[in-house]
Amino acid sequence: MNPFQKNESKETLFSPVSIEDVPPRPPSPPKKPSPKICGSNYPLSIAFIVVNEFCERFSYYGMKAVLILYFLYFLHWNEDTSTSIYHAFSSLCYFTPILGAAIADSWLGKFKVLSLVGLSLIALGTGGIKPCVAAFGGDQFEEKHAEERTRYFSVFYLSINAGSLISTFITPMLRGDVQCFGEDCYALAFGVPGLLMVIALAVFAMGSKIYNKPPPEGNIVAQVFKCIWFAISNRFKNRSGDIPKRQHWLDWAAEKYPKQLIMDVKALTRVLFLYIPLPMFWALLDQQGSRWTLQAIRMNGNLGFFVLQPDQMQVLNPLLVLIFIPLFDFVIYRLVSKCGINFSSLRKMAVGMILACLAFAVAAAVEIKINEMTPAQPGPQEVFLQVLNLADDDVKVTVVGNENNSLLIESIKSFQKTPRYSKLHLKTKSQNFHFHLKYHNLSLYTEHSVQEKNWYSLVIHEDGNSISSMMVKDTESKTTNGMTTVRFVNTLHKDVNISLSKDTSLNVGEDYGVSAYRTVQRGEYPTVHCRTEDKNFSLNLGLLDFGAAYLFVITNNTSEGLQAWKTEDIPANKMSIVWQLPQYALVTAGEVMFSVTGLEFSYSQAPSSMKSVLQAAWLLTIAVGNIIVLVVAQFSGLVQWAEFILFSCLLLVICLIFSIMGYYYVPVKTEDMQGPGDKQIPHIQGNMINLETKKTKL
């Protein structure tokens, strides 16, 4: 046989080769590069996402801006109930992202959930939007543009606060400056944000063809829970000391689940453990729309050049965010870096917590100062009484047969009320008081019944050649929840109809009839139209200021005609709303360091298959924070300043715990979360490398 004869080739199996000799996988077809914005590395699709987020946030924050006052004034709930329902709604909005994330990652994908579910059904839609939109924006970037992606989260947060800024400023104006059915126009205040949701849907749909839409990767939420449950149960079944221990408790799932899934769940659980202390920060931050707004209604919003409504004060937060984000990114963080300080994401978040603590300490100080300016409240078996003398001469009033008789011994001049409310002590919850009235040479005795914890006005007026008195119950509380209220006493012999505005009027009975309190907008009232059955006239009520309750007595002065004598039942708010600026500045700086950083941190630490899940978990911490506020508002029973101090101290303790946890946390790098296929390397199992089948010629 010719040794050089050409023989048949034979297979030699499992020829070991080095990793370097493994030929690369066939290249995938080149992807068409997505269009960029003005030649930058930012995908054009980002513009549609950011505009969509602006409109959606306009809708959400515009509605929330007036929600607490809607509960308080329109539904007439008390402050604690209004606060509880407000935060219950906020909590629900941040619980539903768990459902949205599960649908996005396992079924429809982020794009379809965001557009079809999120923008069609507002109630459940917030659950579809919140976990998807931030992660969906991050998906638009290629891995080589990681720096631009990090900067995107700041731009994304800017769009949120731009929408919040405009809506928080405009929506209260729609509520307060427009009248619907004789009251504040809540229909318009809620309707305009609804219209913006329609615009959001249209804008988002416009970019449909240029979005990068990563496909869903199976029911990832269910896989995570099953993997964790199998690892725990498998470890429990193999707890014998003869069985070797494993490096991580999730490694006990290796018998059933792939290694990549286990690695992803490890990364997920490490971050979720770090999220445990975070709800307390949100418990403080979200009180801007509830407790801080309720604080603002007891302050004076007149800035001289502009009058700020209490719910408009929330506009400071998004305004300051728009200022602070570039300030922190381009100035503060760079200065810190030049000083050689490693200002990691977790350290930024811890500093943000401390700033929120300081904000609530300042809020407590403001609350204490407001309380000092607020009239005292009558306690059990106490009433407060003022005397209004509408007679034409002095009247001396004395309480008969009671230890209180020394309180009202001075004579009251004509059309002069007592300079302050006098405190009367009762022997029971309700009691009859006897008063001695001395007018000219007349000496009269009268009796009136009062109940504890109330304010009363003893109105004395002429009755022919004599005088009479009537006891009028004043406001239920010596605060008006920031609203301006008025009532009228009619000394004329005919009923008077008073038109306070286009849609607000009231009728006052003849011969010292007293109207109920009526809420009006703060402002000047130089010409209020009035009419009797045979005459039209106008009254000058002057300035009606924030938080004041006014009493007007309609009189007929023969020389000057019909007039309104004005007096304050409750003085106007004295403390300027500007004093809330420091607490807003502190909490917003804390938000920029905590929330913006945490948003990017959540995306960077999430495995590629669980971006929406981890975003939903981040939002879930906000939901739990709102539940904390709800519980404290309902069950603490603390005065407001003490409640602020409680929240501040709780967050300080949580900050210390979070700092310790962050100290031991090792951030996961992007390349560490890529699967074998992503890294383009052969699979290695144990100590063996892949063996490749080769054909050789013999």
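**Entry 1: helix H2**

I started with helix H2: its 17 residues should span 24 Å at 1.5 Å a residue, and its end C-alpha atoms are 24 Å apart, which agrees. The expected span is 1.5 Å times one less than the number of residues. I took helices (H or I, at least four residues) and strands (E, at least two) as DSSP runs, numbered from the N terminus.

I noted that this is a predicted model, where local features need pLDDT of at least 70, side-chain atom pairs count only at pLDDT 80 or more, and totals for chains, interfaces and linings use all residues. Residues are numbered from 1 along each chain as its sequence is written, and side-chain values use heavy atoms, with hydrogens and water left out.

H2 covers residues 79–95. I looked up its buried residues, and among them are Ser-82, Tyr-86, His-87, Ser-90 and Cys-93. Buried means under 20% relative accessible area, exposed means over 50%, and partly exposed lies in between (1.4 Å probe, protein chains only). An α-helix has 3.6 residues a turn, so residues three or four places apart point the same way.

Next I checked the N-terminal end of H2. Asn-78 caps this end, with a side-chain oxygen 3.2 Å from the backbone nitrogen of Asp-80.

**Entry 2: Ser-82**

Is Ser-82 buried or exposed? I found Ser-82 buried, because its relative accessibility is 0%. Which residues does Ser-82 contact, leaving aside its neighbours within four places in sequence? They are Ile-68, Phe-71, Leu-72 and Trp-77. Contact means heavy atoms within 4.5 Å.

**Entry 3: salt bridges**

Side chains of opposite charge can pair when their charged atoms come close. I counted a salt bridge where a side-chain nitrogen of Lys or Arg is within 4 Å of a carboxyl oxygen of Asp or Glu. By this rule the count is 11 salt bridges.

I stayed with H2 for one of them. Asp-80 and Arg-291 form a salt bridge, 3.0 Å from N to O. Arg-291 lies in helix H11 (residues 291–296) and Asp-80 in helix H2, so the pair ties together parts that are 211 residues apart in sequence. Arg-291 is buried, at 3% relative accessible area. Asp-80 is partly exposed, at 35%. I also found a network of salt bridges that links Asp-80, Arg-291 and Glu-643.

Then I looked up Asp-251 and Lys-266. Their closest N and O atoms are 2.7 Å apart, in a salt bridge. Asp-251 is in the loop between H8 and H9, and Lys-266 is in helix H9, 15 residues apart. Asp-251 counts as buried at 17% relative accessibility, whereas Lys-266 counts as partly exposed at 21%.

Glu-367 and Arg-298 came next. Their salt bridge has its closest N and O atoms 2.2 Å apart. Glu-367 lies in helix H13 (residues 345–373) and Arg-298 in the loop between H11 and helix H12 (316–338), so this pair ties together parts 69 residues apart in sequence. Glu-367 is buried, with a relative accessible area of 2%. Arg-298 is buried as well, at 17%.

**Entry 4: helix H9**

I went back to H9 (residues 259–275) for its span. Its 17 residues should span 24 Å at 1.5 Å a residue; the end C-alpha atoms are 25 Å apart, which agrees. The buried residues of H9 include Leu-261, Asp-264, Val-265, Leu-268 and Tyr-275.

**Entry 5: a nonpolar patch**

Which residues make the nonpolar surface patch of about 540 Å²? They are Leu-92, Phe-95, Val-624, Ile-627, Val-631 and Phe-635. H2 and helix H15 (611–635) are the elements that give two or more residues to it. H15 gives the most, with four residues. For patches, I used residues with over 30% relative accessible area and no salt bridge; like charges are joined within 9 Å, and nonpolar side chains (Val, Leu, Ile, Met, Phe, Trp, Tyr) within 5 Å. Phe-635 sits in H15 and counts as exposed at 66% relative accessibility.

Val-221 lies in helix H8 (residues 220–237) and is buried at 19% relative accessible area.

Lys-574 is in the loop between strand E23 (561–570) and helix H14 (581–605). Lys-574 is exposed, at 59% relative accessible area. Its C-alpha atom and that of Ile-370, 204 residues apart along the chain, are separated by 8.4 Å.

**Entry 6: the whole chain**

I closed with totals. The protein chain has 17 helices and 24 strands. Of its 698 residues, 50% count as buried.

Notes: Polar contact = N/O pair within 3.5 Å; in protein donor to acceptor, adjacent residues only side chain to side chain. Areas by Shrake-Rupley, 256 points an atom, 1.4 Å probe, with all protein chains shown as cover.
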